[in-house]
Amino acid sequence: MFDPDIAPSGTLLGLLQRGRGDGTLHALAAPRAEALAALNDSVLRDPRRDWQVENRSLYYARLYMQLDGGLEEIERHLFHPDDLVDTGEERTGLALSVLGHLAAYGRDAARLLLRSYAAAGSNWRWALDELALRDDDAGLMTLAPAVLARFPETAQGEAELAAAVRDAFEPRPWRLWAEDPRYGPRLTAAGEQGSFDRWQRQLRSRGPRPGWSVAEVLDWAQQGLDLEPAERRHIAAARCLSAVVGPDDRPELLRAGRSAPDTARAAVLHHLAERGDPDVLDLIESAATCPFSTEQLIVAALTSYERMPGAAAVERARVWAPRGDRLGASAAAMLARRGDRGDAELVLAALRRTVREEGPDAAGLWELVDGTGRLGVVCAAPVLRHIYRETSSSHLRGRAAAALAATDPGFAAGFAVECLWDCEETTRELAARHAATGDDRVVEQLRRLAADPAEEAEVQLAVRDRFGAES
């Protein structure tokens with residue numbers, strides 16, 4: 001995860017980087033050269049805060065199709081000399097995914113570019129996975145010599161080949177090549193070796209093996225800090241405590257929760273919180289607010305509290321939520337998840353404070369946004385609209401849209417229309433259920449989504465339900 005350079009939300013580039021539906025609408029209305037420049041910039045410099053979970057590829061591919069954009073910039077990016085030194089998936093993954101969708105839409109140039117990169121590029125595995133979903137058998141067979149040549153027929157090369165076959169996200173090319181007598185014996189052996197390696201890893205478990213008493217488990221947890229690299233063992237130690245703690249051990253656990261070394265203390269807090277111990281809330285407050293607590297202990301204390309079952313945790317959240325520190329933020333998140341309508345003011349105050357102090361991309365906003373929707377906090381609509389417009393996270397924007405659907409009477413005729421073009425399928429599904437059909441663009445886009453073979457099934461089901469209900 002990294003912080004990309006995001007343009008202001010009022011610009012075409014900023015809209016496209018965020019994956020907002022308005023980005024597509026503005027790009028189609030802008031001069032074509034300007035729109036393509038912003039689109040290429042977004043694809044070649046991945047704008048996502050978390051590139052492993054946020055969606056952009058289908059959104060950008062659709063816009064390439066609508067603008068009839070060429071692929072020259074993507075080709076230059078993929079085969080740039082940087083590809084030899086910067087081999088991280090995040091440099092080329094988005095561009096390859098866009099090419100995969102374009103290939104599915106019938107762009108032969110995209111398929112040929114993926115083949116070329118799979119044969120020569122550093123992120124060839126990603127390109128091969130895209131082709132496994134979209135290319136025919138003949139096209140995949142042409143790649144076998146180039147891909148297998150990456151693995152010399154040495155002991156190390158065969159081991160790397162076995163790992164590649166074992167870990168392939170899409171196994172179709174490897175299975176296809178294994179059926180060819182030219183490659184079959186080598187790939188069959190690699191597949192067998194990969195299965196054997198996986199079996200051996202299961203037999204050679206390196207799981208924790210502390211002694212079978214409370215003191216021994218806590219000592220073992222603390223010893224993890226002395227290793228190179230250090231191991232944070234408090235979660236594993238908490239699991240071990242669940243197996244060894246008896247009724248007479250509670251006084252020892254409470255003493256450790258107050259004054260043990262940090263890793264052991266974190267393990268005790270986690271264990272007691274899972275069981276809803278009546279004294280653990282005071283221990284958590286002490287650990288989370290003490291100025292001498294380490295970051296590890298503070299995070300462990302807050303995480304333990306957020307996982308607590310029972311009404312006592314919610315009652316204490318009402319006491320802590322007005323605080324302006326991290327304990328107050330965790331308490332507000334607890335109320336957002338499990339509070340009742342009487343907690344709406346506390347949740348709204350925390351939402352406003354978080355946006356004001358940390359901005360529209362703050363990690364603590366996710367549950368607060370969900371909570372305002374769950375509790376129906378109507379007066380939260382202005383701050384939710386601000387989050388929707390400004391956040392660079394398409395997931396958070398989708399949550400803000402869902403909260404607005406529950407709190408803002410103007411959502412159906414406003415943001416819901418834009419959301420039909422959003423990059424996240426869950427946001428498009430929400431829009432398909434709520435967008436007012438008085439706008440001709442809405443009906444046209446609903447029909448387009450229903451007919452697009454690349455669209456997610458949940459979105460198309462929402463469209464069909466909408467048309468069926470209205471008819």
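## Helices 21 and 23

Helix 21 and helix 23 cross in a left-handed sense. This description comes from a predicted model. Helix 21 covers residues 326-338 and helix 23 covers residues 365-375; their axes cross at roughly 35° and come within 8 Å.

On the side of helix 21, the contact is made by Ala-332, Ala-333, Leu-335, Ala-336, Arg-337 and Arg-338. Helix 23 contributes Glu-367, Leu-368, Gly-371, Arg-374 and Leu-375. Sorted by class, the residues of this contact are six nonpolar, one polar and four charged.

## Helices 17 and 18

Two packed helices are described by the angle between their axes and by the distance between those axes. For helix 17 (residues 262-274) and helix 18 (residues 280-289), the angle is about 145° and the axes lie 10 Å apart. The crossing of helix 17 and helix 18 is left-handed.

Which residues of helix 17 meet helix 18? They are Arg-265, Leu-269, Leu-272 and Ala-273, and their partners in helix 18 are Val-280, Leu-283, Ile-284, Ser-286 and Ala-287. The contact of helix 17 with helix 18 has seven nonpolar residues, one polar and one charged.

## The buried side of helix 16

Helix 16 runs over residues 250-259, and Leu-253, Leu-254, Ala-256 and Gly-257 in it are buried. These residues lie on the same side of helix 16 because they cover an arc of only 160° around the axis.

The buried residues of helix 16 pack against helix 17 and helix 18, and also against helix 14 (214-223) and helix 15 (234-244).

## Asp-452 in a loop

Asp-452 sits in the loop that lies between helix 28 (440-451) and helix 29 (457-470). Is Asp-452 buried or exposed? Its relative accessibility is 10%, and buried means under 20%, so Asp-452 counts as buried.

Leaving aside residues up to four places away in sequence, Asp-452 touches Arg-62, Tyr-105 and Gln-460. With one of these, Arg-62, the side chain of Asp-452 makes a polar contact of 3.1 Å.

## The chain as a whole

The protein chain has 29 helices and zero strands. Its C-alpha trace spans about 70 × 65 × 40 Å along the principal axes.

How many of the 471 residues count as buried? The share is 50%. Among contacts in the protein chain with a separation of 6 or more, 65% come from residues 24 or more positions apart.

How values were computed. Residues are numbered from 1 along each chain as its sequence is written. This is a predicted model: local features need pLDDT of at least 70, side-chain atom pairs count only at pLDDT 80 or more; totals for chains, interfaces and linings use all residues. Side-chain values use heavy atoms; hydrogens and water are left out. Helices (H or I, at least four residues) and strands (E, at least two) are DSSP runs, numbered from the N terminus. Buried means under 20% relative accessible area, exposed over 50%, partly exposed in between (1.4 Å probe, protein chains only). A polar contact is a pair of N or O atoms within 3.5 Å; within protein, one must be able to donate a hydrogen and the other to accept it, and residues adjacent in sequence count only if both atoms are side-chain atoms. Contact means heavy atoms within 4.5 Å. Axes are lines fitted to C-alpha atoms, for helices over the stretch in contact, and angles run from 0 to 180 degrees between N-to-C directions. A crossing is left-handed if the near helix is turned anticlockwise from the far one by less than a right angle, and right-handed if clockwise. Ala, Val, Leu, Ile, Met, Phe, Trp, Tyr, Cys and Pro count as nonpolar, Asp, Glu, Lys and Arg as charged, and the others, Gly among them, as polar. The arc is that of the directions from the helix axis to the C-beta atoms.
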